[in-house]
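Visitor: Could you walk me through this one? Please put it up first.
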Amino acid sequence: MSPRPLLEVEHLSRRFAIRRGLVFARKMGEVAAVDDISFTLARGETLGIVGESGSGKSTTARLVLRLLDPSGGRIHFDGTDITDLSGVALRRFRRRMQIVFQDPFASLDPRQNVGEIIAEPLRLHRPGSEAGYRARVAELLALVGLAPEQARRYPHEFSGGQRQRIGIARALAAEPELIVCDEPVSALDVSIQAQVLNLLRDLQQRLGLSYLFITHDLAVVRHVAHRVAVMRRGKIVEMDETEALFAAPRDEYTRHLLAAMPAVAPGGKVVERLAVLARG
Amino acid sequence: MDPLLQISGLRTAFPGENGGELAVVDGVDLSLARGQTIGIVGESGSGKSMLSLSVMGLVPPPGRIAAGEIRFDGQELTRLPRPAMRALRGRRIAMIFQEPMTSLNPAHTIGAQIIEAIAAHERATAPDALRRRAIAALERVRIPDPARRIDDYPHQLSGGQRQRVMIAMALSCNPDLLIADEPTTALDVTVQAEILTLLKTLQRETGMAMMLISHDLGVVTDMADTVAVMYAGQVVERAPAATLFTMAEHPYTLGLIASAPRGGAARERLLAIEGSVPAPSAMPAGCRFHPRCALAEPACIAAAPAMRAFGPEQAARCRRAPIESIAA
Ligand SMILES: Nc1ncnc2c1ncn2[C@@H]1O[C@H](COP(=O)(O)OP(=O)(O)OP(=O)(O)O)[C@@H](O)[C@H]1O
Ligand SMILES: Nc1ncnc2c1ncn2[C@@H]1O[C@H](COP(=O)(O)OP(=O)(O)O)[C@@H](O)[C@H]1O
Ligand code: SF4
Ligand SMILES: [Mg+2]
Ligand SMILES: [Mg+2]
């Protein structure tokens, strides 16, 4: 028997009221941002979620993390139904699931130095001594490829890729088992994107993390995900092993997305030259 | 025939500390023929936008063009008086930017804004003729039901439609050169493909030349005839778009190619370029790419490499190229 998945989502839905008018907002109707979706995520697995803007990807992320209440459906984390948890009980689970956002600029408090930013989840979830926090911050910075001395510096002193590393270090601080990555590399140049994707991959191998990886970039999802779910208008229209989905997309919308993906592969002398570069 | 645009030795700079100048574009040579597309790629901060603003005569002060020439259809732009440059911008060179929402005025209908663009370079046209022209402009960029959409405000349109409106405004003067700075970066993949296809179609229809700026090598090789790769204010490689993915010489270009995941070897480490683009105030000595280059050797730090030709249409700024001959 295979072990139970880390995350099980069943018939999850979330509706939002559509309101018009500024002073006396009247409810005009409802939008189903997430509409009856089900999926599972195993330990050490990456499930990619792709879909166009507004398809419900980020809403799914917030529901899974219990940052937003569902209108219907259930969420099980490590075998426990967390759908209706609140207070202390919910906080125990919050430690085990973290999020990394798209915008490395907006997601870090500019008034806190990097050490304080990374120590925040530790203070919340892992009571300990100041010296202990400092040691752990240094360890986390090293883990994401930054120097421990950089703990005293502020977010504006870092590049986009470095800020994203800081965001990842903060997410790792409380030793989560699940990390929801909401467009973690979309704001970055391909070169820096590759650095961050490599980091996420190495961390998964070392720590056995599960990733729910949201992106609108099909090439990225193909590279990182074991399985992919395609969302459209709040629904999962197709879900499969990554290579199977890319080889034979069943849904028309998935085919449309794939057709829009630029497909240029290196060849000829470039392949030899890359080999030289890889040897350094 | 002379190229439409010929840039030589261009240096664009901002004042630095203690009286010095910091070059953000430093010795750029480029040429573009009529009806052709040149793609400019490079990481953010490499000087792509400053290059395009230099051509437009829109370098934000206190920045300025410190040296070099920009010849457009025989005219030297860097010494052109301001009113003449403004007129040229309205009629012959147009530009579209990355974020269509910030370039459109939220308080006016898109019709009013297109009419303003048309009226800016056309004297005395009757109001209903202008309105008809604006509707035709929307039709040209394939906005459905243009006679009704013309009275919409920007927030009523999707991101892709807003970019179509920007293109309609840019093309309303029938420019000879369209500069597009990251025109699809903020859009979904499917919408991005639609906008790029539209730009290609409009280019075929009008015969305009394009300077397409992007940080996405795939987009640029898809769209352009020639590609110029920029790093730290300089062009480090120039090559035909069609052969870039098979013939690229420069370690930086190769690094950009290797960074983007392209199927195959899923979940393996990507061959990333470590580090990041240097600030103009901290330009490395010698080859500006050396701190990030896997192939750097002492000679790369001692002297700056010059651009060298590799075949009739390709050139690269690397002293070790061609690198497939480097022994393991
Ligand atoms: N708080 C809210 N109130 C009302 N509607 C909302 C709210 N949050 C999301 N929505 C709507 O729910 C739908 C899904 O939004 P969501 O943010 O999940 O999309 P997404 O797939 O993450 O898009 P993107 O790719 O642009 O990030 C959209 O129609 C959105 O406008
Ligand atoms: N207004 C400005 N004042 C001073 N430096 C600037 C200004 N705008 C851009 N720069 C600098 O010029 C360099 C090139 O920027 P830019 O042309 O915007 O790059 P790209 O478009 O390739 O991302 C960067 O180092 C940037 O910090
Ligand atoms: S000149 Fe040297 S450092 Fe510069 S790109 Fe070539 S090998 Fe690398
Ligand atoms: Mg989102
Ligand atoms: Mg730019």
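Guide: In chain A, 15 residues of domain 1 are in contact (heavy atoms within 4.5 Å) with 13 residues of domain 2. This is a predicted model, in which local features need pLDDT of at least 70 and side-chain atom pairs count only at pLDDT 80 or more, while totals for chains, interfaces and linings use all residues. Residues are numbered from 1 along each chain as its sequence is written, chains are lettered from A and ligands numbered from 1 in the order in which they are written, and side-chain values use heavy atoms, with hydrogens and water left out.

Visitor: How much area do domain 1 and domain 2 of chain A bury between them?
Guide: They bury about 1,200 Å², 71% of it on carbon and sulfur atoms, where buried area is the accessible area (1.4 Å probe) that two parts lose on being put together, summed over both. A:Arg95, A:Leu199 and A:Leu203 supply 42% of what domain 1 of chain A buries against domain 2 of chain A, more than any other three residues.

Visitor: Switching to ligand 2, which polar backbone atoms lie by its oxygen atoms?
Guide: Among them are a polar backbone atom of B:Gly45, 2.7 Å from an oxygen atom of ligand 2, and one of B:Lys48, 2.8 Å from an oxygen atom of the ligand; a polar contact here is a pair of N or O atoms within 3.5 Å.

Visitor: And how much of ligand 2 does the protein cover?
Guide: The protein covers 64% of the 570 Å² of accessible area that ligand 2 has on its own, by the Shrake-Rupley method with a 1.4 Å probe.

Methods. A polar contact is a pair of N or O atoms within 3.5 Å; within protein, one must be able to donate a hydrogen and the other to accept it, and residues adjacent in sequence count only if both atoms are side-chain atoms.
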